Every structure is written in C-alpha cells, then in structure tokens.
Amino acid sequence: MKRFFQFTVFLFVFGNAVAQQTEYVDFKRVEASVFVDQFEVGEIFGTPYKIEFYIVKSTDSIYINAVDMKFDTVYLNNEKVDFTNTGREIVIFKRFKKGNNYNLHFNFYAKPKKAMYFFKKEDGSLDQLWTQGQGKYTSHWLPSIDDVNDKIEFNLTFNTPKNFKVLSNGKLRDSIVGLFGNWFFGMQKPMSSYLVALAVGSYEKKSEVSRSGIPLEYYYYPKDSLKVEPTYRYTKQMFDFLEDEIGVPYPWQNYKQVPVKDFLYSGMENTSLTIFSDSFVVDSIAFQDKNYVTVNAHELAHQWFGNLVTATSGTHHWLQEGFATYYALLAERAIFGDDHYYWQLFENAQELIDQERSGKSTSLLNPKSSSTTFYKKGAWALHVLRERVGDSAFKLAVKAYLEKHQFANVETSDFISEVENTSGQDLSAFVSEWLVGETLPEDIMVTSLKQSAFLQEYFMVDCETYTSKCKDYLSSYISDKAKVKVIRQIPDKIEASAFQNSLEVRQALARYVDKIPVELKPQYESLLDDESYLTIENTLYHLWANFPQDRIKYLQKTKDIIGFNDYNVRLLWLALHLNTIAYQPEKKQAVLSELIGYSLPEQHFELRINAFNYLKLLDAFEIQSIKSLLDATTHPNWRFSKFAKDLLLELEQNDSYKVIINTLRKK
C-alpha cells in the first residue's frame with residue numbers, strides 16, 4: 001500500500017513539475033549499446049543501458065524519460081530493483097540519499113514513432129536512418145532526460161547492418177565491421193540529451209583540419225563526390241573565423257556534417273554532428289542560386305550558442321537562435337563583405353516589419369514567439385547592442401559569458417550582466433526596448449542600415465515612377481541589388497544593354513521580364529547559357545511561352561539539364577514537352593511516366609512536391625500517383641505531409657479523382 005501511495009504521489013508531482021527533478025538528481029553519464037534491427041527495420045534494442053547519477057537532495061524516486069519502451073533486467077548498484085513503466089518514463093522507487101552516487105542499468109526495446117526515422121530500399125532493407133531530437137524527442141529512441149537543464153556525458157555504441165557508415169556525437173573510438181558493424185563513440189563533456197544524434201547510411205568522407213587543430217569531417221553520398229567542394233565551400237574559413245571572433249575555442253573534440261534524405265528542417269546543430277537536408281548538396285552551378293553557406297554557418301555557431309551554453313527554457317530561446325543567426329551573419333560578412341552583411345540585415349528587417357504589420361510581433365522573451373522573432377529580431381538585437389557598447393566591450397562580454405557558463409544553462413540576465421560589466425553601461429532601456437517590448441524599434445534599425453553607403457544608394461534608386469534616370473541605371477555603376485530593384489519595377493522598359501550585366505542581374509531579367517520584345521530575343525536566349533538553374537528554368541518557360549515557333553529548339557537545347565535536387569529544370573522540361581504537340585509525339589507516354597515516377601515514395605520529398613504540382617497543373621493524376629500522394633500524408637516531414645493533405649482536398653473536388661481516392665483509402 002505504501003508503494004502504491006508513493007507511485008501516485010510521484011505521478012502527481014511529475015505531471016505538475018517535471019523540471020523539478022533537477023533539484024534532486026544530477027545525471028552524470030550514460031553508456032549504452034544500441035542495436036539497429038536489420039531484419040525488422042524500425043526496431044531498436046539497448047543492451048545494456050547504464051546511467052550514473054548523483055543525489056542532490058534525498059528523494060524516494062527518480063525517473064528517466066522513455067516513450068513507449070519495454071524494459072527488463074533492471075538493476076540499481078548491481079542489485080535487482082522494482083520499477084514502473086508509465087509509457088512515458090521508467091520510474092525507480094528507493095530511498096535515495098543526498099550525497100550518494102548510483103548506477104542504474106537495464107535493457108530496453110523501442111519502435112520509435114518520432115525522433116528516429118528509417119528509410120527503406122525497395123526490397124525492404126535499411127537504406128538510411130537519422131534522428132532529430134530537438135524539443136523532447138530523444139527519449140522516443142534512447143532513454144534520456146528531456147529536461148535541458150540536466151547535461152550528461154554520452155558514450156554510445158551502435159550495432160548496425162554491415163556496409164553502413166555510422167555517425168554520432170563525439171569521437172569515434174573504434175569500429176569493427178563483420179556480419180554487422182560496431183561503432184563506439186565517446187563524448188568528453190556533458191550535453192543536453194536533445195542534442196544526441198545518430199545518422200546511418202552509405203557515405204564517404206573528406207576531411208580538413210582547422211587552424212586550431214580540430215578535425216573537420218564532411219560526409220557525402222558516393223554519387224556526389226563532385227559536389228563536395230561546392231556543398232561545403234567556406235566551412236574551414238568560417239570555422240576559423242568563429243573561433244577568433246567568439247574568443248572561446250571550439251568546445252568539442254571534432255566537427256562532423258552529414259546530409260540526410262527528407263530532413264525535417266534545413267539543419268540541426270547536434271553536439272559535434274550537424275545533420276542537414278541533402279537538398280543543400282549542390283554542384284557549382286546550383287551554388288549560385290541555392291547553397292549551404294548560411295545554414296552551415298548557423299549550425300556551426302550553435303556549437304557555442306545552444307550547445308556549450310543552453311537556455312534554461314523557451315523564454316530565453318533567443319540566446320540560441322538569435323546568437324546563431326547573428327554569428328552566421330558575421331561569418332558571411334568575413335567571406336562576402338560588408339555589403340552582403342547589411343543586405344542580410346535589411347532583408348531580415350523587411351521580414352520583421354511585415355510580421356509587425358500583420359499584427360504578429362511578440363517579445364523576444366515570449367516562449368511562443370515565431371522563428372522570425374527568435375532568429376531575425378534576436379540577431380538585430382545583438383547587432384544594435386554591439387553598436388551601442390562597442391566592439392571591444394561586446395566581444396569581452398561574449399567571451400566571459402561563455403566561459404562562466406560553459407556546459408551549463410543560461411538566462412538572458414546572465415548575458416546582459418556580462419555586457420553591463422564590460423561596457424559600464426546600464427542596459428535596462430535596451431532590454432525593455434529590444435527584448436521585452438513587442439513593438440519593433442524601426443527608427444533605430446533604419447538609422448543603423450543607413451550607415452551602409454551601399455544601402456543608401458539602394459534606397460535612393462527608385463523607378464516606381466519612371467524617369468529619364470531609369471533608362472541609364474542598368475548600364476551604370478550602381479550595385480547589382482539596385483539594378484535588380486530597377487528590373488523588378490520596370491520589366492517592360494528593358495533595353496539590350498541590360499543583358500551585359502552580372503549573373504545576379506541576368507537572373508532578375510529571366511525572372512521579371514516575362515513579355516519578351518522580338519528585338520530582345522537574341523539577348524534573352526543567351527540566358528539559357530548562364531550557370532544558374534533558376535535562370536535557365538525561368539528563361540526556358542518565358543521563351544517557350546513567347547515564341548511558339550521556336551519551342552522545339554528550346555526543348556532540344558535544354559533536354560539534358562536536371563537542375564537542383566528537386567529537378568526544377570527537368571520537370572519543367574517534361575511539362576513543356578507534353579504541351580508541345582509536334583515535339584517527339586512518340587515519346588509522350590514515356591515522358592508522362594517519367595514525371596509520375598518522380599512523385600513516388602523512393603524520391604526526395606522536394607522532388608515529389610515538384611512532380612505533384614506539375615501533375616496537378618497538367619491534370620494528369622492517375623492511380624499510381626494518387627496512391628503515392630496518400631502515402632505522403634503520413635510522411636515524417638510535416639511540410640510534405642501537410643502539402644499532401646491539402647492537395648488531396650483539392651483533388652477531391654474533382655469527381656473522377658474523388659472516386660479513385662476513396663477506393664484507395666478503403667484498400
């Protein structure tokens with residue numbers, strides 16, 4: 001009866017004050033062996049799992065977060081102990097005494113529904129596996145502590161099907177490959193459990209070493225060996241810059257980056273192992289339009305801001321995202337210059353102003369704020385703060401803040417107090433205006449932006465009302481950004497000389513000049529030769545629409561161009577092929593089949609979205625593609641699953657499609 005009373009009391013306390021366990025228990029170290037089942041893809045086993053902890057205050061129970069897991073062989077200090085499995089955590093009851101250390105170990109079994117994602121080959125075997133634990137999700141595949149305020153040293157062993165590369169946090173201590181692979185990873189420092197990561201797949205590696213001696217490892221699919229340099233371009237330069245700028249050495253043993261299929265976000269800054277979407281794996285042409293540089297810099301900056309020091313709660317989330325965004329801007333500034341830096345600030349300001357005008361502005365200390373607020377306003381707050389206190393005081397404060405709170409948790413006041421100490425300034429007005437206030441300080445932002453001569457020129461150039469000056473702007477020495485602005489404002493007044501500009505300006509010509517005068521046809525056709533998949537895509541469509549008599553010529557010229565990972569050029573080409581009756585009529589069915597094939601489950605979700613959009617445009621859905629669309633509604637990537645659900649609702653407005661959809665749903 002006493003044990004039952006303890007359990008019910010625990011559940012009551014747990015449900016009302018989860019974070020309070022850190023007042024009683026300090027979890028120190030986890031050692032676990034995780035077996036990935038090669039026969040039942042999607043299942044994992046942990047044998048054994050060991051966790052060491054220290055009792056800060058005497059207590060009658062401790063728990064470990066573990067969602068929908070099964071346990072056996074549970075021992076505390078080598079003695080069998082009773083436990084309760086609530087479905088959300090494993091609970092151990094004992095009179096735990098203050099000042100004592102304990103060791104708990106057990107075996108566990110899990111079939112994760114979140115946090116760990118499995119991708120299969122056509123024969124049902126494992127193709128790729130990756131994890132995403134941000135929030136409180138690691139406990140879906142690894143018993144852990146969801147509370148970010150308890151940092152733990154993780155030492156993990158993974159047993160996987162052979163012929164796979166396995167990546168996790170920390171240093172690879174050893175690997176043995178036989179009938180299956182054993183991979184041993186060790187961390188030397190504690191970290192939050194949401195930053196534990198695993199990626200398993202077919203990868204090769206290229207390496208560099210930072211100026212400070214940190215190994216930098218770049219992973220890639222074997223087929224993408226020619227894309228390694230453009231994908232990871234500037235990584236070492238940014239790494240070296242951030243170590244110098246932040247003033248605190250990189251805190252981990254190594255730094256690894258790996259692309260994965262259908263990732264939930266652009267990237268995730270797991271401790272020492274950034275996982276990012278393979279849509280950022282690009283060749284040198286795609287690099288001009290869409291590259292990994294910004295995401296790369298952002299996730300790298302998180303290794304200090306978020307990983308070395310971690311916000312105590314969502315109230316202080318800007319200490320992670322605002323700092324990572326700001327230091328990514330600084331890293332890009334070191335590569336691309338001041339104009340690029342101020343342009344990024346300007347674009348962020350535009351996004352923040354749009355958010356405010358829509359009535360959605362919130363405080364930076366509101367845990368429910370948008371990503372725009374946490375990332376963009378957070379970065380702007382740091383930019384303005386640095387201008388206010390000066391470079392020296394700002395950098396000294398950041399260094400002191402990181403060193404004082406390393407491997408621990410922080411609140412906003414921890415950072416502000418350091419800036420006040422180094423600058424000698426009272427920052428209460430800054431805190432009120434930028435961190436607590438909901439209204440955007442637009443006047444301060446405009447004043448700061450006008451320090452840039454580049455932006456002053458951009459603001460000055462304006463052709464909304466056409467004047468004689470506008471005619472000459474595109475052949476003058478104004479910036480490319482200003483020329484793009486002019487093209488956007490007067491696309492119907494472009495002259496031949498405008499095409500004698502940089503790649504960026506020519507991209508704008510391809511995008512905004514959709515009605516092509518005959519006299520500009522040769523110049524516009526030259527855009528098909530540019531090293532930009534966006535330019536080629538827009539140019540092909542506009543030429544095809546403007547000059548029907550030359551459609552076959554344009555299709556022939558572009559028939560071998562694929563484009564980005566979403567096949568932007570290829571899918572447009574297929575759609576135009578199907579709408580050009582005289583071009584290869586005997587291949588129409590094969591072309592349609594190719595388009596349908598890109599919508600199927602084995603393809604990347606961004607390629608599938610693109611294919612589905614073209615099938616909708618062509619009104620060409622059939623059983624196979626609708627079945628694939630239904631499959632997509634349960635895809636782990638929420639953006640894709642939402643897209644699929646919304647598109648199905650649209651298709652159901654068509655009676656023919658509705659019959660097919662209902663029939664497939666019943667099956």
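## Exercises on a predicted model

In strand β15, Ala-199 is the bridge partner of Trp-130. The model is predicted, so to speak of local features takes pLDDT of at least 70, side-chain atom pairs count only at pLDDT 80 or more, and totals for chains, interfaces and linings use all residues. Residues are numbered from 1 along each chain as its sequence is written, and side-chain values use heavy atoms, with hydrogens and water left out.

**Exercise 1. Which residues of helix α12 are buried, and how are they arranged?**

Step 1. Apply the cut-offs. Buried means under 20% relative accessible area, exposed over 50%, and partly exposed in between (1.4 Å probe, protein chains only).

Step 2. List the buried residues. In α12 (residues 453-460) they are Phe-454, Leu-455 and Tyr-458.

Step 3. Look down the axis. The buried residues of α12 fall within an arc of 90°, so they line one face of the helix. The arc is that of the directions from the helix axis to the C-beta atoms.

Step 4. Recall the geometry. An α-helix has 3.6 residues a turn, so residues three or four places apart point the same way.

Step 5. Turn to the other face. Ala-453 and Met-460 are exposed there, away from the buried side.

Step 6. Find the cover. Among the elements over the buried residues of α12 are α6 (338-357), α11 (442-449) and α14 (480-489). Contact means heavy atoms within 4.5 Å.

**Exercise 2. Describe the disulfide of Cys-463 and Cys-470.**

Step 1. Recall the bond. A disulfide is a covalent bond between the sulfur atoms of two cysteines.

Step 2. Apply the rule. The pair of cysteine sulfur atoms must lie within 2.5 Å. For Cys-463 and Cys-470, S to S is 2.1 Å. The count comes to one disulfide.

Step 3. The torsion about the S-S bond is about -115°, so the disulfide is left-handed.

Step 4. Cys-463 and Cys-470 are both buried.

Terms used: Helices (H or I, at least four residues) and strands (E, at least two) are DSSP runs, numbered from the N terminus. Two strands pair if DSSP finds at least two bridges between them.
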